[in-house]
Amino acid sequence: MKNSLEKNNMLKEFYIPTYIFVLESPAEKVSQIPSCPVIVFINTKSGGQLGHDLIVTYRKLLNHSQVFDLLEEAPDKILHKLYGNLERLKRDGDTFAAEIHRRLRLIVAGGDGTAGWLLGVVSDLKLVHPPPVATVPLGTGNNLPYSFGWGKRNPGTDQKSVLSFLQLVREAKEMKIDSWHIVMKMESPKGSTCDPIAPLDLPHSLHAFHRVPNNPQDKEYSCTFRGGFWNYFSMGMDAQVSYDFHSERKLHPEKFKNQLSNQKTYLKLACTQGWFCASLCHPMSRNIAHLAKVKIMKKSGKWETLEIPQSIRSIVCLNLPSFSGGLNPWGTPSERKQRKRDLVMPPLVDDGLLEIVGFKDAWHGLVLLSPKGHGTRLAQAHRVQFKFHKGATDHAYMRLDGEPWKQPLPEDDGKVLVEISHAGQVKMLATKNCIAKGVHEAPATSTVHPESSSSSDDTDDDFEEERRNFGAALSFRYLDDATKV
């Protein structure tokens, strides 16, 4: 009885009554204001059956109304309704609702793609004080949870494990990280093979912006996709392995219920695709330098061409110190290499800069398993642009925060342009085991400041309109007072 009483008292610190979500519901008498009210989003397809088991446990411990299955309800609709209700209740003098609004924290359980989906929605809310997010690792890579101390292994789904996680959420500190906006612009003659891919084949946080006639005389069309990421954008070898893994999982989901076996399947695909002997198995057209011309923008605000070694078959634009399940491709460059390559050290998650790293083959990737292993450090920048060459190949594999897709490329007169730029910051929750570092934790020698890193003197900006938001949710802004609290 004592243990049960302690558990009930603890759960009150996270509990949100139903009337906060449904205004027409009967009023509830609440004995205390929760110190850490949470809303839980769970992707029940993630982690085999773990997502389903986890949602059952959370709904037993908390109010059913504050735990959501992302397969049944999209987070933008949920949060849109919730914040609308909170504003109405606050206007009516409900001090409890005001405290829920001020103290609210979000929990998202799923892979990195699921976490990025929710972060995109929160970013598009455009609130002055957005709720911080904690991530439950249910995916294969789990780079976001690992970076902020939540671990990289699938957690337990029993009540004891969930209670322990909730306690960590209450004790966690808030930490800002950079948001990165990606815009992909395609232009191709009507009927060309370089057509936009279906929305269901795109990452959650990448959405079509518009498709309008570009020049009615030659019947060209322009299609623009926009979205956001928080960990990485990658292209090439690693994205192809990931794409085949996800395709196989869609066809045979019953075979992908164990994290360890999933990782073994990943390695097997890398072997069967020939990436361990890439120079013999893959044509030069697969190499990044043959696929695209890459430009970067540093602190100067001027575009400059990034020279990519001919042997590089995979390129990663990295924001967090975790890739492919906890590996750090950037490593720790020596002071001599920092000066030689104009690098800022150490890489920080809120400095407005991406670390750009290249890999030659799968053996090069395995170097990361060694204590001082790293990829080929190419640059640090706060804007990156990929302009794909015509006729190099008919497609390229790309990946955003763990979600891959197969991108058609022009074979004739079409063109594909991808641009990445800094887009503000979001708030994450971090435990004491957090490996990500921010500006305030950097050595005194660090010279980059987040407030200046995203500014630009460049006036040739074709993407100004597309960068207004991520597109992961409807572009909505709540009542004026919603952005002032």
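Is C317 buried or exposed? I looked it up: C317 has 0% relative accessibility, so it counts as buried. (Buried means under 20% relative accessible area, exposed over 50%, and partly exposed in between, with a 1.4 Å probe and protein chains only.) I checked C434 too, and at 12% relative accessibility C434 counts as buried.

Ground rules, before I go on. This is a predicted model, where local features need pLDDT of at least 70, side-chain atom pairs count only at pLDDT 80 or more, and totals for chains, interfaces and linings use all residues. Residues are numbered from 1 along each chain as its sequence is written, and side-chain values use heavy atoms, with hydrogens and water left out.

**Cysteines.** A disulfide is a covalent bond between the sulfur atoms of two cysteines. I searched the whole structure for disulfides (pairs of cysteine sulfur atoms within 2.5 Å) and got zero.

**Rings.** I found six aromatic pairs in the structure. (Rings of Phe, Tyr and Trp, the last by its six-membered ring, pair if their centres lie within 6.5 Å; planes under 30 degrees apart count as stacked, over 60 as edge-to-face and the rest as tilted.) One of them is F41 with F68: the centres are 5.8 Å apart and the planes at 25°, so I wrote down "stacked". F41 sits in strand β1 (residues 38–42) and F68 in strand β2 (residues 67–69), so this pair ties together parts 27 residues apart in sequence. (Helices, H or I with at least four residues, and strands, E with at least two, are DSSP runs numbered from the N terminus.) Both F41 and F68 are buried.

Next I looked at W150 and F165, a tilted aromatic pair with 5.0 Å centre to centre and 40° between the planes. W150 is in the loop between α6 (143–147) and α7 (159–171) while F165 is in helix α7, so the pair links parts 15 residues apart in sequence. W150 counts as buried at 8% relative accessibility, and F165 is buried as well, at 9%.

I also noted a cluster: ring pairs link F21, F41 and F68.

**Loop residue.** Where is L306? I found L306 in the loop between β10 (303–305) and β11 (314–318). L306 is buried, with a relative accessible area of 9%. Leaving aside neighbours within four places in sequence, L306 is in contact (heavy atoms within 4.5 Å) with V294, K295, I296, I356, L378 and A379.
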